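Some notes on this model follow. Please read them alongside the coordinates.

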Amino acid sequence: WVLMHEDITAIRVLKRDRDAIILAHNYQTPEIYHGVADIVGDSLALAREAMRAKAAVIVLAGVHFMAETAKLLNPDKTVLIPDSRAGCSLAESITAADVRALRARHPGLPVIAYVNTSAAVKAEVDYCCTSANARKVVEFAANQAGTDAVIMLPDRFLAANTARETQIRIIAWDGACEVHERFTQADIAQVRAQYADVVVLAHPECPEEVVAASDFAGSTAAMADYVARHQPKRVALITECSMSDNIASANPGTEFVKPCNLCPHMKRISLHKIRTALGTMSEAVTIDPDLAVRARRSVERMLAIP
Ligand code: 13P
Ligand code: SF4
């Protein structure tokens with residue numbers, strides 16, 4: 001506790017000295033989320049906030065693709081990632097060459113990449129999407145291209161869960177989130193058997209049968225909103241474990257019950273590494289300028305969809 005307190009105090013001083021802000025994803029630990037973050041949110045909110053940030057330095061407390069997206073959207077700022085090894089099984093599941101091959105196999109179809117991808121992959125696609133706007137982007141892209149099908153990569157479960165909500169045919173890639181793919185229908189049955197009144201909220205990176213067995217599916221921000229709006233007596237958030245820890249204090253009337261899984265990549269970020277990043281101004285995210293121009297286009301096209 002003493003060390004944690006020391007880190008929090010030091011980070012607050014460094015933020016002022018460096019003219020820095022900390023953007024933290026909902027899966028960061030509570031000491032980061034409540035102790036030092038200036039803005040917290042889902043991937044979409046963090047992208048929007050990174051774009052409009054006025055501070056000289058943005059520390060992205062999250063995984064690497066999030067820091068890359070922040071840099072794409074606000075290239076004049078220094079974007080720091082406290083541990084550049086914080087990856088993502090989805091981002092690692094597909095390369096730029098894979099996207100080119102997919103496009104060649106399905107000529108004329110718009111290509112949509114989940115933001116959980118590298119800048120090199122974003123540079124090859126027409127639009128990005130997040131879990132908060134996937135259906136909207138799919139329908140917009142198909143409409144603009146005059147097609148009844150789109151390619152959506154790399155998460156096969158987000159693709160399948162989005163396909164259930166739209167008439168547009170979705171051609172998917174075979175990636176998966178190593179955290180969410182582990183949840184099963186049996187997990188949901190078990191928590192319902194244990195607590196008859198439990199409300200089950202799932203992230204759309206979960207397998208279709210898990211989402212189908214849940215009461216609601218949405219991005220991490222949508223899950224937090226659901227709890228705040230409905231104030232269920234008991235809720236299971238079928239997602240990363242820090243999510244419940246982070247929103248518990250704002251919802252004292254709700255009991256948060258398991259299951260949950262940890263993301264080892266998100267958990268690479270710590271208070272101490274944030275302090276070191278601000279102290280040493282490293283690691284700064286860099287993106288090849290030509291690649292950045294092409295990658296930024298797909299993210300900006302997503303953000304421009306009304
Ligand atoms: P959202 O916060 O956009 O729902 O994304 C979840 C996620 O898996 C980020 O790694
Ligand atoms: Fe990637 Fe899944 Fe971790 Fe999110 S939770 S960073 S999608 S591995």
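1. Strand 9 (residues 199-202) and strand 11 run parallel and are joined by 4 bridges. Helices (H or I, at least four residues) and strands (E, at least two) are DSSP runs numbered from the N terminus; two strands pair if DSSP finds at least two bridges between them. Val200 stands opposite Ala236 in strand 11.

2. This is a predicted model: local features need pLDDT of at least 70, side-chain atom pairs count only at pLDDT 80 or more, and totals for chains, interfaces and linings use all residues. Residues are numbered from 1 along each chain as its sequence is written, while chains are lettered from A and ligands numbered from 1 in the order in which they are written.

3. Strand 11 also pairs with strand 12 (residues 255-257), in the parallel sense, over 3 bridges. Here Arg234 faces Glu255 of strand 12. In strand 11 (residues 234-238), 4 of the 5 residues are buried (20 or more other C-beta atoms within 10 Å of their own, C-beta atoms being placed from the backbone), so the strand is largely enclosed by the rest of the structure.

4. A separate point concerns an open sheet of 4 strands, with the order 6-5-7-8 and parallel pairing. Its edge strands are strand 6 (127-129) and strand 8 (169-172), each pairing on one side only. Strand 7 (residues 149-153) is joined to strand 8 by 4 bridges, and Ile151 stands opposite Ile171 in strand 8.

5. Around ligand 1 there are 13 residues (C-beta atom, placed from the backbone, within 6 Å). Asp42, Ser43, Ser131, Ser219 and Thr220 come nearest.

Key. A residue is buried if 20 or more other C-beta atoms lie within 10 Å of its own, exposed if 12 or fewer, and partly exposed in between; C-beta atoms are placed from the backbone.
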